[in-house]
Amino acid sequence: MSEISQYKSVLVAIDGSKATMKVLEAGIRAALANDAHLDILTVSQVDQLTDGYSNAILSEDDTYDAVKATRERLEDLKQKATDAGLSDVSLHIRFGNPKRVIAREFPDDHDTDLIVIGTTGLTNVGRIMVGSVTSYVNRVATCDVLVVRTGSDK
């Protein structure tokens, strides 16, 4: 008798911090164990640059360059996943509030049934100022959430 997979679609939410590789590796393991599709997502919160933190306005070229650099980094992560044995991997860059995008919007759009996320990419001060995306996702997501201890949270 064949084993039934618990998860069909695994979302790895990354922020480009030092924790990214550890979170990706946990997501790869979960996808391999379940023969699942893997989505690798990063969310840019552009309003932090333009609403209150600075008067910076990103030009079209700046936005293009940022997305291009992010896409190249994500391609490297996708290669790591395919090298590990996954064949069904998609990359995503979204703009918006990371909490809402990761917890609800993306999973609803992609039928995600497991979110893999790191404990934090922020310093203690940053967590106090903007709150923990991970805590929010863990409380609000309608699917299972795997929180990966990253080492920076101890």
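This is a predicted model: local features need pLDDT of at least 70, side-chain atom pairs count only at pLDDT 80 or more; totals for chains, interfaces and linings use all residues.
Contact here means heavy atoms within 4.5 Å. Helices (H or I, at least four residues) and strands (E, at least two) are DSSP runs, numbered from the N terminus.

Helix α1 itself covers residues 20-34 and reaches 21 Å from its first C-alpha to its last. That is close to the 21 Å expected at 1.5 Å a residue, where the span is 1.5 Å times one less than the number of residues. Just after α1, Asp35 takes a positive phi of about 50°.

## The sheet

Now for the strands. Five of them form an open, parallel sheet in the order β3-β2-β1-β4-β5; two strands pair if DSSP finds at least two bridges between them. At the edges sit β3 (89-95) and β5, each pairing on one side only. β2 and β3 are joined by seven bridges, and Thr42 has Ile93 of β3 as its bridge partner.

## Helices across the sheet

α1 runs at about 180° to β1, while α3 touches β1, β2 and β3 and makes about 155° with the direction of β3. Axes are lines fitted to C-alpha atoms, for helices over the stretch in contact, and angles run from 0 to 180 degrees between N-to-C directions.

## About the model

Residues are numbered from 1 along each chain as its sequence is written, and side-chain values use heavy atoms, leaving out hydrogens and water. Local features need pLDDT of at least 70 and side-chain atom pairs count only at pLDDT 80 or more, while totals for chains, interfaces and linings use all residues.
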